[in-house]
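Keep the 3D view open and follow along, one spot after another.

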Amino acid sequence: MNRIELADQYGLRRVGARPGVWSYLKQTWERRDFISTMAMYRMSVENQQNRLGAFWLILRPALNALIYGVIFGVLQGNNRPAEYTAYVVIGVFMFSFFSGCFGQGAKAITGNRGLVQSLSFPRLSLPLATVVEEFLSLLLSMVAMFAILIFAGHYPTWKWLLLIPLLLLYSMFNTGVALVTARLTVHFRDLTQILPVISRLLFYTSGVLFDVSKIFKSHPWVIQLYDWHPVYQVLVIARYSLMSDSATEVNLTYNPMFWAYLSGWAVVALVIGFLFFWSAEERYGRE
Amino acid sequence: MDVNERKPVVVVDDVHVEYKVYASGKAYRPNAKTRVRKTRGLRVVHALKGVSFVAYENESIGVIGTNGSGKSTLMRAMVGLTPPSAGGVYASSRPNLLGVGAALLPELSGERNIVLGGLALGFHKDEITELRDHIVEFSELKDFIDLPMRTYSSGMQARLKFAIAASKQHDILIVDEALSVGDKRFRQRSEDRIREIRDNAGTVFLVSHSMGSIRDTCDRVIWLEKGELVMDGPTEEVVDTYEATR
């Protein structure tokens, strides 16, 4: 009997073949404690060397919002969006969730080489842990965001609850993004240099700091293009639900159809991201 | 023992591994999909030239050979980290490779590495507490367990990694020189643990340059030289022949 027949007879399987989608998902689900613990540990270790500790999670986006707000406020002059403070704060705080998943997701595999090469477990857990970590820091920083909003005269209304389905869709979308960047940097290490640039580019084009419908008034086709911009849609919906009715002008760009578009984006990004990441499962940790 | 009665767990069938390496030092991985241009600087290193063997349940197999003989390449091919360019490896479950190398999560404390390592291996949250005390005790790192793992010496890192990985009953465990950096006491106890894993229906591969460890723990030895299998048989026989050639 030759060796392959022997292997066959005893049900031995070829090493390196990746598991099927369902068993992969099941294995990952069994690692849910790993994912949440990893996210929590990483959050605490990141800030433990700073005197202000986790307070930086709030302070960093607040300072960003302050700087960008002042600079772009001066530059835009009369084109400034109405209720500018709330506009910028919501934009900067909400965008940081996307940029975090985009940038840190890229390091999920390459930054954990020791772990990947020593223990075998579904690698999907690592980018998922990154998304959970970013989500937790968003929740924490949202406390500050709410405080600033109330301070600026936007008191809580029932519409604030729209944030819950919005965050669900946003998380799905960002998970897909993190899975894609996690795999891409494994193949092309150079991407770690380019991704921050792309992230910055998206920051300036997502309408974080300016009102798209005002700035591109004379180019309606650009505004139409923004109907296809998922992060922009997240920001518009967030502003619609958080800023009270006094800012009717802001709400003009809101379109209920954005929910449908965004849902589409979220599902597509998640499915494509997952399949893209899963199909290279055998290759992580080889480099 | 009758060969047919034993259950094979790993079948290595005529495995070849080639590394394409630029002489300038730029390496091409064998699995890269990009077509390799014919450059004068390109060299093909034939790291494994058709290695075959069958490993059975309850065996502990020593792997010996000089530096660069292909031992680590064979082990990496067995866990799927390096895909063979020809032939194949078949296993009853995915083998675990424990090698020397980086800390698991360098920034986190030893204790948190234990928790995360245990969870990654599939232990339940409730099991971790018990497991943690056991691992701390085994690795003898009680005084340092709250320090970040990057501050550990290579011996301490290896001890902790071995203790975490060995806390689970593996079907197939490959230990690639991971014990050589530990001190004598630790080596003794890890050898005991390896025997324990083997006795519980596991199969262990031990790559080592220490013939003492090999004689103490292995009942079968594979001797590689320049990517070829020179000898495969009972420990005493192979090790004696190996030592005679040096």
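Start with two helices of chain A, H5 (residues 84-105) and H10 (residues 191-205), which pack with their axes 10 Å apart and at an angle of about 160 degrees. Bear in mind that this is a predicted model. Angles over 145 degrees count as roughly antiparallel, so H5(A) and H10(A) are roughly antiparallel to each other. Their crossing is a right-handed one. If you'd like to find the contact itself, look on H5(A) for A:Phe95, A:Ser99, A:Phe102 and A:Gly103, and on H10(A) for A:Leu195, A:Pro196, A:Ser199 and A:Phe203. Sort those residues by class and you get five nonpolar and three polar, with no charged ones.

Now let's see where chain A meets chain B. Chain A brings 29 residues to this contact, and chain B brings 40. On the chain A side, four elements each supply at least two residues: helix H1 (3-9), strand E1 (13-14), helix H3 (32-47) and helix H7 (113-118). Which of them gives the largest share? That's H3(A), with six residues. Taken by class, the side of chain A that touches chain B holds 13 nonpolar, seven polar and nine charged residues.

So what does H3(A) find across the way? Look for helix H2 (residues 110-120) of chain B: its axis and that of H3(A) come within 8 Å and cross at roughly 155 degrees. That angle makes H3(A) roughly antiparallel to H2(B). Here the crossing is left-handed. From H3(A), the residues A:Asp33, A:Phe34, A:Thr37, A:Met38 and A:Tyr41 meet B:Arg112, B:Val115, B:Leu116, B:Leu119 and B:Ala120 from H2(B). This group splits into seven nonpolar residues, one polar and two charged.

Strands link the two chains as well. E1(A) is joined by two bridges to strand E5 (residues 86-91) of chain B, and the two strands run antiparallel.

Next, take in chain B as a whole. Chain B has seven helices and 10 strands. Of its 246 residues, 43% are buried. Now consider the contacts in chain B with a separation of 6 or more: residues 24 or more positions apart account for 71% of them.

Finish with a bit of backbone detail in chain B. Most residues other than glycine have a negative phi. B:Glu140 has a positive one, near 55 degrees. You'll find B:Glu140 in the loop between helix H3 (125-139) and helix H4 (154-165) of chain B. Is B:Glu140 buried, exposed or partly exposed? With 17 other C-beta atoms within 10 Å, B:Glu140 is partly exposed, because a residue counts as buried at 20 or more such atoms and as exposed at 12 or fewer.

B:Lys226 is another residue to look up: its phi is positive too, near 50 degrees. The loop where B:Lys226 lies runs between strand E9 (220-225) and strand E10 (228-234) of chain B. Its count is 14 other C-beta atoms within 10 Å, so B:Lys226 is partly exposed.

Terms used: Residues are numbered from 1 along each chain as its sequence is written. Chains are lettered from A and ligands numbered from 1 in the order in which they are written. This is a predicted model: local features need pLDDT of at least 70, side-chain atom pairs count only at pLDDT 80 or more; totals for chains, interfaces and linings use all residues. Axes are lines fitted to C-alpha atoms, for helices over the stretch in contact, and angles run from 0 to 180 degrees between N-to-C directions. Angles under 35 degrees count as roughly parallel, over 145 as roughly antiparallel, 65 to 115 as roughly perpendicular and the rest as oblique. A crossing is left-handed if the near helix is turned anticlockwise from the far one by less than a right angle, and right-handed if clockwise. Two residues are in contact if their C-beta atoms, placed from the backbone, lie within 7 Å. Ala, Val, Leu, Ile, Met, Phe, Trp, Tyr, Cys and Pro count as nonpolar, Asp, Glu, Lys and Arg as charged, and the others, Gly among them, as polar. Two strands pair if DSSP finds at least two bridges between them.
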